[in-house]
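Colleague: I have a new structure open and have not looked at it before. Can we go through it together?
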Amino acid sequence: MTAKKNISLLGATGSIGTSTLDVVRQHPERYRLVGLAAGNNIELLARQVAEFEPLLVSVAQADKLDALAALLPASWRGQLCHGPEGAVAVAELAEADTVVSAIVGAAGLLPTMAAVEAGKDVALANKETLVMAGALVMERVRKNGVQLLPVDSEHNAIAQALAAGRPEDVARLILTASGGPFRQWPAERLREVTVEQALNHPNWAMGRKITIDSATLMNKGLEVIEARWLFGIEAERIDVLVHPQSIVHSLVEFIDGSVVAQLGIPDMRLPIAYALAWPERLDLRLPSLNLATAPDLSFLPPDLERFPALALAFAVCRAGGILPAVLNGANEVAVEAFLEHRLSFTGISEVVRETVESTENTEAASVDHVLQADAAARRLAAAAVRRRAGQP
């Protein structure tokens, strides 16, 4: 019998985190949770601790520790920690074999890098890690001899399709995008988009930030940059197709013209399980994809004029340096402003573009350098948001 794999989970209370725990719950003979790191949803985190009994648990803010401790069962004998250092401690936990990195945004970079440096295999759902510091992260992955397995459905699909041929025979990668809720809206209506409309994704249940990114197509742009580093393929050989049905999760074209695709129902437990069990596969007892009853599959090119975030991300991917980190940091600020009703939907891309164009590009020489670029981008983006609101 295969020995149990010990898992540390970063982002335990988010959508990827809860889906990961569902996979673990289905296969207790294969997996054991040894570490959990979460934000501030202490009620859900306490229930997770009671069920899985991890050794180490981290919460984002120190002022949540007492409230969390009061919710935990008296029989639990693990340890509590907090903050960015706590997430790093969960990632480095000696007992962990694999770290599932599902913290949203730039906050995932340091704990993911810590996991790599500690020699852990990483199931990566935090695309920002490779967007911000792809070259640095992949160099450390190679040096430490660890596996970096993608959890994003698109990159997971590409990883599966790549098994059909040799890396040197790959012509291009094709990422699919649902197109979000506004793919058929005219440009003049996009400025009127409300937060509630943008959070109504047609196919996927995701966190608020990723759902907004999907609506602007920035999420696909970030995935282009992630794919560039994850698979070592330059931006010129990465394409995007809008596929509203979200059944073909991505494709790989080989030099002989063959195109290999991965299909499946839109359920994140599929790529999570693939990353955790690789090179094996798990029976998840999910509904099968029935192509006879599935909707017709359609594909069309993205409209880069109505959704300029994707075009900007491609340009930043080609430029490299610190600009991907700048793009990401500015986008996080702009999305937060939109969610707080301080910025229009179309203003998200405008703020990001202004921030990127205001930044002098330099080499991303170190993680510290990347984090400095991220901080500077956030300041520029916040100022741009204030200007649009008529504030000093």
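Modeller: Start with the charges: the protein has 35 positive and 46 negative side chains. The centres of these two sets lie 2 Å apart. Keep in mind that this is a predicted model.

Colleague: OK. How many helices and strands are there in the protein?

Modeller: The protein has 16 helices and eleven strands. Its radius of gyration is 20 Å, close to the 21 Å that the globule rule gives for 392 residues, so the protein is as compact as a globular protein of that length.

Colleague: And what does the C-alpha trace span along its principal axes?

Modeller: About 60 × 55 × 40 Å. Of the 392 residues, 55% are buried. As for the surface, the protein exposes about 16800 Å², and carbon and sulfur atoms supply 51% of that area.

Colleague: What share of the contacts with a separation of 6 or more comes from residues 24 or more positions apart?

Modeller: Those residues account for 69% of such contacts.

Colleague: Let's go inside. Which residues touch the most other members of the largest nonpolar core?

Modeller: F182, L327 and F345 do, in a core of 90 residues. Helix α14, residues 323–339, gives the most to this core, with eleven residues. There is also a second, separate core of 38 residues, which includes V23, A38, L45 and M268.

Colleague: Back to L327. What is L327 in contact with, leaving aside its neighbours within four places in sequence?

Modeller: M218, L222, I225, L312, A313, V316, V352 and V356.

Colleague: Take V316 from that list. Where is V316 found, and is V316 buried or exposed?

Modeller: V316 is found in helix α13, residues 308–319. V316 has a relative accessible area of 2%, so it counts as buried. Apart from neighbours within four places in sequence, V316 is in contact with I225, L323, P324, L327 and V356. I225 and V356 are also on the list for L327.

Colleague: Now a strand. Which strand does I174 lie in, and why does I174 count as buried?

Modeller: I174 lies in strand β8, residues 170–177. I174 counts as buried because its relative accessibility is 4%, and the cut-off for buried is under 20%. Not counting residues up to four places away in sequence, I174 touches D239, L241, S250 and L251. I174 and L241 are 67 residues apart in sequence and 6.9 Å apart in space, C-alpha to C-alpha.

Colleague: Which residues does a cis peptide bond join here?

Modeller: W278 and P279, with omega about 10 degrees. P279 is placed in the loop between α12 (269–277) and α13.

Colleague: And positive phi: what is the value for E53 and for S246?

Modeller: Phi is near 50 degrees for E53 and near 55 degrees for S246. E53 lies in the loop between α2 (42–52) and β3 (56–59), while S246 lies in the loop between β9 (238–242) and β10 (248–254).

Colleague: Is E53 buried or exposed? And S246, buried or exposed?

Modeller: E53 is exposed, with a relative accessible area of 52%. S246 is buried, at 6%.

Conventions: Residues are numbered from 1 along each chain as its sequence is written. This is a predicted model: local features need pLDDT of at least 70, side-chain atom pairs count only at pLDDT 80 or more; totals for chains, interfaces and linings use all residues. Side-chain values use heavy atoms; hydrogens and water are left out. Helices (H or I, at least four residues) and strands (E, at least two) are DSSP runs, numbered from the N terminus. The radius of gyration is taken over C-alpha atoms; the globule rule is 2.2 Å times the number of residues to the power 0.38. Buried means under 20% relative accessible area, exposed over 50%, partly exposed in between (1.4 Å probe, protein chains only). Contact means heavy atoms within 4.5 Å. Accessible areas come from the Shrake-Rupley method with a 1.4 Å probe; for residues, only the protein chains shown count as cover. Lys and Arg count as positive and Asp and Glu as negative; His and the chain ends are not counted. The place of a charge is taken as NZ of Lys, CZ of Arg, CG of Asp or CD of Glu. A nonpolar core is a set of buried Ala, Val, Leu, Ile, Met, Phe, Trp, Tyr and Cys residues joined through side-chain atoms within 4.5 Å.
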